[in-house]
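Open the model in your viewer and keep the selection panel at hand.

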Amino acid sequence: MPSRLAIAVGLLIVGAAADVGTTYVALTGSEYVEGSPVGRLFISRFGLLGGMLLTKAVGMAVIGVPVAVAGGTRRFVATLMCGGVGALSLAVAARNLLFVAGLWP
């Protein structure tokens, strides 16, 4: 049985790949504009892949730092960071797909 951390890392990888892929399709195939001002800035400065990965790193810090300061173990912090950013990335990928399909305003 895989550990929670391994599952969270898998979720991060799948979520990040889905988010980058659907964002690419949305940006190239429609009049989509990146919704996050931070993501938009990073994409404009570092390109799609670099900007998206930097956005994921910032998201991990936003989740991980408060948990670490509150006294979470390194393993717990890593699990929350990976799982949280992975889940958010999957949600954004779903929104991107709905946008491309014309079902999101």
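Select residues 42-69. This stretch is 100% helix and 0% strand, with its end C-alpha atoms 27 Å apart. Helices here are DSSP runs of H or I, at least four residues, and strands are runs of E, at least two, numbered from the N terminus.

Now select residues 76-104. Here the chain is 86% helix and 0% strand, and the end C-alpha atoms lie 35 Å apart. Both ranges, 42-69 and 76-104, carry the UniProt annotation "transmembrane region", from an unreviewed entry. UniProt positions follow the numbering used here, feature names are shortened, and annotations may be inferred rather than shown by experiment.

A word on the model: it is predicted, local features need pLDDT of at least 70, side-chain atom pairs count only at pLDDT 80 or more, and totals for chains, interfaces and linings use all residues. Residues are numbered from 1 along each chain as its sequence is written, and side-chain values use heavy atoms, leaving out hydrogens and water.

Next, show side chains for Ala8, Leu12, Met60, Cys82 and Val85. These 5 residues form the largest nonpolar core, a set of buried Ala, Val, Leu, Ile, Met, Phe, Trp, Tyr and Cys residues joined through side-chain atoms within 4.5 Å. Helix H1 (4-29) and helix H3 (74-100) are the elements that give two or more residues to this core.

Centre on Leu12. Beyond its neighbours within four places in sequence, Leu12 is in contact (heavy atoms within 4.5 Å) with Met60, Cys82, Val85 and Gly86.

Show H1 and H3 as cartoons. They pack at an angle of about 30°, with axes 7 Å apart. H1 is therefore roughly parallel to H3; angles under 35 degrees count as such. Axes are lines fitted to C-alpha atoms over the stretch in contact, and angles run from 0 to 180 degrees between N-to-C directions.

Stay on helix H1 and pick Asp19. Is Asp19 buried or exposed? Asp19 counts as buried because its relative accessibility is 3%; buried means under 20% relative accessible area, exposed over 50%, partly exposed in between (1.4 Å probe, protein chains only). Leaving aside neighbours within four places in sequence, Asp19 touches Met52, Lys56, Ser89, Val92, Ala93 and Asn96.

Finally, zoom out. The protein chain has 3 helices and 0 strands. Its C-alpha trace spans about 45 × 30 × 20 Å along the principal axes. Of its 105 residues, 28% are buried.

Note on methods: Parallel < 35°, antiparallel > 145°, perpendicular 65-115°, else oblique.
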